[in-house]
Amino acid sequence: MRRPIFAVLTAAALAGGGIAAAATLPSTMRPAAVQAPGAAALGLPTVKHVWIVVLENKSYAESFTPTTQAPYLLDLAKKGALLQQYYGIAHFSLPNYIALVSGQGPNIGTQSDCQQYDDVKLTAPLLGPDGQAIGQGCVFPSIVKTVADQLAAKGLSWKGYMEDLGKQTGRENPACGQPTVKNLLDDTQTAAPDDQYAARHNPFVYFHSLIDGPCVGHVAPLEPALRTDLAAASSTPAYSFITPNLCDDGHDSGGCNGPDVAGGKSYGLSAVNLWLKKYIPLILASPAYKDDGMLVVTWDEAAAATSAGDGKADADGCCDEQTVPANTPRAAGAATDISGIPSIVGSGGGRTGAIVLSPLVKPGTVSTKPYNHYSLLRTVEDLYGLPHLGYAGQATGVQAFGPDVFTASTTTPVRQPTKTPAKTPAKTPTKTPTITAPGNGLAATGLDALLPLAATLLLVAAAAVRRRRVREA
């Protein structure tokens with residue numbers, strides 16, 4: 001969403017402390033790193049490539065009604081799995097993107113979409129429970145890791161594809177996507193007519209572990225990078241994170257400030273429909289997708305109110321969602337956040353739904369199991385055998401996608417402990433060799449058939465010798 005600039009940030013919210021090196025942290029205070037046992041051990045299929053497409057600000061009831069302005073969504077749902085109980089984790093946009101790649105919960109800065117692009121100032125030189133960064137700000141210190149860091153450490157490739165990235169010189173860093181800051185404010189908060197890229201929809205620029213070097217070459221404009229990389233499985237990253245621009249991602253007319261993907265003036269779900277119809281077939285037709293890939297289409301957060309017209313703020317959540325201690329007013333019992341907007345009065349970011357497409361998913365699958373953005377991160381980590389980061393490693397409530405999603409017959413079954421059976425004498429099946437008339441050859445099935453045949457011929461020859469000796473005598 002397009003947000004008003006927050007003019008008030010309390011000194012207490014910005015109070016910070018030093019940042020210690022990861023090596024000095026006690027193991028209990030580091031980002032959650034409980035090693036996942038791997039896909040096979042969890043009964044998950046082997047997925048070689050993952051794509052995540054994130055749209056904006058739509059509730060489930062708006063996107064998946066029969067009268068939706070994006071009927072292509074209904075077509076996609078029929079081709080894969082529709083997750084009816086999938087939720088965002090916060091309002092506004094940015095904390096949802098951050099959760100998807102790091103498992104970090106919101107703070108006041110991220111809840112306000114980081115109008116000011118500044119560093120997170122920790123209140124202590126340690127990370128808190130569940131690997132959470134306790135403090136306020138926008139760009140996390142290098143001790144906070146992302147799934148991109150994990151993949152790179154395991155030798156797996158990753159990439160972010162951002163529509164309109166770098167189209168206007170000086171507006172954002174074309175190499176990674178960091179916003180140009182003017183008067184301490186993020187210059188990409190408002191769409192430009194010829195550049196509708198928004199840094200707040202590119203989660204990779206909010207982590208020093210990435211922007212201090214590693215993101216170069218891993219974040220690229222959607223065109224032509226996506227088409228080029230999809231040409232072969234070998235050039236397709238193991239993990240791809242894709243965001244349309246501020247018109248094509250579903251923003252309303254206030255957020256859109258230029259043409260849609262087809263050059264017209266549509267916005268909202270109508271623009272989403274055009275964008276999906278252009279890019280989703282490219283992924284589905286790619287060699288990497290056909291070789292057990294997985295594509296997830298979801299939204300950052302639900303709309304402010306449901307389309308049912310009941311006026312209820314759509315800030316529901318699921319999965320025993322936790323709040324970061326001392327980071328949000330909700331944790332302190334406040335009814336609203338500092339802007340007066342009820343972005344966190346509920347338990348999450350609202351019900352958005354999600355679609356999962358894969359050769360490993362039976363068309364027409366419907367799941368009513370509750371999932372959220374932490375669940376999606378956990379799923380990716382489990383598929384690739386990575387540690388769980390932040391709230392993705394939450395002990396209760398948050399679960400990875402399971403057999404309710406991966407419904408195709410190729411899904412790997414849960415492995416049971418291997419038992420060594422008691423040895424029993426092996427029975428050798430009796431094989432009767434076939435003897436044909438001389439001149440027609442010998443029909444035998446192998447050496448085991450030739451041995452008894454040879455014995456038979458020797459007996460026949462011996463009998464002939466005995467008959468000849470009797471005649472001579």
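The model is predicted, so local features need pLDDT of at least 70 and side-chain atom pairs count only at pLDDT 80 or more, while totals for chains, interfaces and linings use all residues. Residues are numbered from 1 along each chain as its sequence is written, and side-chain values use heavy atoms, with hydrogens and water left out.

**The chain**

- The chain contains twelve helices and 14 strands (DSSP runs numbered from the N terminus: helices are H or I of at least four residues, strands E of at least two).
- Of its 473 residues, 51% are buried (under 20% relative accessible area, with a 1.4 Å probe and protein chains only).
- Among contacts between residues at least 6 apart in sequence, 77% join residues at least 24 apart (contact means heavy atoms within 4.5 Å).

**Strand β12**

- Strand β12 spans residues 354-357, with A354 and V356 buried on one side and I355 and L357 buried on the other.
- Strand β2 (residues 81-83) pairs with β12 in the antiparallel sense over three bridges (pairing requires at least two DSSP bridges), and L82 has I355 as its bridge partner.
- Strand β11 (residues 293-299) also runs antiparallel to β12, joined by four bridges; here T298 is partnered with A354.

**Residue Q132**

- Q132 is located in the loop between β4 (121-122) and β5 (135-136).
- Q132 counts as buried because its relative accessibility is 0%.
- Leaving aside neighbours within four places in sequence, Q132 contacts G103, Q104, G105, L127, V324, G390 and Y391.
- The side chain of Q132 reaches the backbone oxygen of G103 at 3.0 Å.

Note on methods
Buried means under 20% relative accessible area, exposed over 50%, partly exposed in between (1.4 Å probe, protein chains only). A polar contact is a pair of N or O atoms within 3.5 Å; within protein, one must be able to donate a hydrogen and the other to accept it, and residues adjacent in sequence count only if both atoms are side-chain atoms.
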